Amino acid sequence: PPDVKALKRFLLGDEEYRNARAKVIPHVVDGPLAIRLIKPGPMEADMDGPRHPARWHQVPKGVDPVTRATDAAILECDIDCGLSNKQIRKIINMLRPHIESVTVDVALIVSTPKGSEIEEPSACLGLWRIEKVDFESAAVFPELAVEDAVEEVKMIMSGMEMDEVEVTA
């Protein structure tokens, strides 16, 4: 089927190919009256470009040396949806005080890139629901050890120095 071929091309493509075709579609399903009255309809957020930077990470299929069990291949995507887009930032700020009573459905769609003259089939890569998040009962990530934090800051600073050298050169 054509949608399976589109999905296969997407999974085997590089980061630029994936970013041009991946779209995130959030939809507020339920919440307090204030949210239901002003909730936006579904909107597509393209990951191509600086508005929604996305980074893809692939973990190939492998075999656990101890149990000999086969691990599935994984495709992971990190998306910055809130920092650079004013519209999404407004929605997040509107939902934040009511997050414990809001339900949002999110879809990750693979489709034709904007402006493409060639029509390609679409495929749904994933659907999930974020329902009534309780931050008080959520797991807390362990704090970074001081030594690790110092090393991370040094690495960031050395990267900034390299950028300054490239700019002045």
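The following questions and answers concern a predicted model of a protein.

Me: In which element is the confidence of the model lowest, and what is its mean pLDDT?
Reply: The protein averages a pLDDT of 75, and 78% of the residues score at least 70. Confidence is highest in strand β8, residues 123-131, at a mean of 87. The lowest confidence belongs to helix α5, residues 146-168, with a mean of 63.

Me: How many contacts beyond four places in sequence does the model have for residues 163-169?
Reply: Over residues 163-169, pLDDT stays under 50. Where pLDDT is low, the predicted coordinates should not be read in detail.

Me: Which element supplies the largest share of the largest nonpolar core?
Reply: The largest nonpolar core has 14 residues, and Val28, Leu95, Val102 and Val104 have the most contacts inside it. At least two residues of this core come from each of β1, β3, α4 and β7. The largest share, four residues, is supplied by β7.

Me: Which residues does Leu95 contact, leaving aside neighbours within four places in sequence?
Reply: Leu95 is among the residues with the most contacts inside the largest nonpolar core. In soluble globular proteins, nonpolar side chains tend to be buried together. With those neighbours left aside, the contacts of Leu95 are Val28, Ile35, Val102 and Val104.

Me: Is Glu76 buried, partly exposed or exposed?
Reply: Glu76 belongs to strand β6, residues 74-79, and touches Arg55, Trp56 and His57, not counting residues up to four places away in sequence. Buried means under 20% relative accessible area, and exposed means over 50%. Because its relative accessibility is 41%, Glu76 counts as partly exposed.

How values were computed
Residues are numbered from 1 along each chain as its sequence is written. This is a predicted model: local features need pLDDT of at least 70, side-chain atom pairs count only at pLDDT 80 or more; totals for chains, interfaces and linings use all residues. Side-chain values use heavy atoms; hydrogens and water are left out. pLDDT is the predictor's confidence in each residue, from 0 to 100. Contact means heavy atoms within 4.5 Å. A nonpolar core is a set of buried Ala, Val, Leu, Ile, Met, Phe, Trp, Tyr and Cys residues joined through side-chain atoms within 4.5 Å. Buried means under 20% relative accessible area, exposed over 50%, partly exposed in between (1.4 Å probe, protein chains only).
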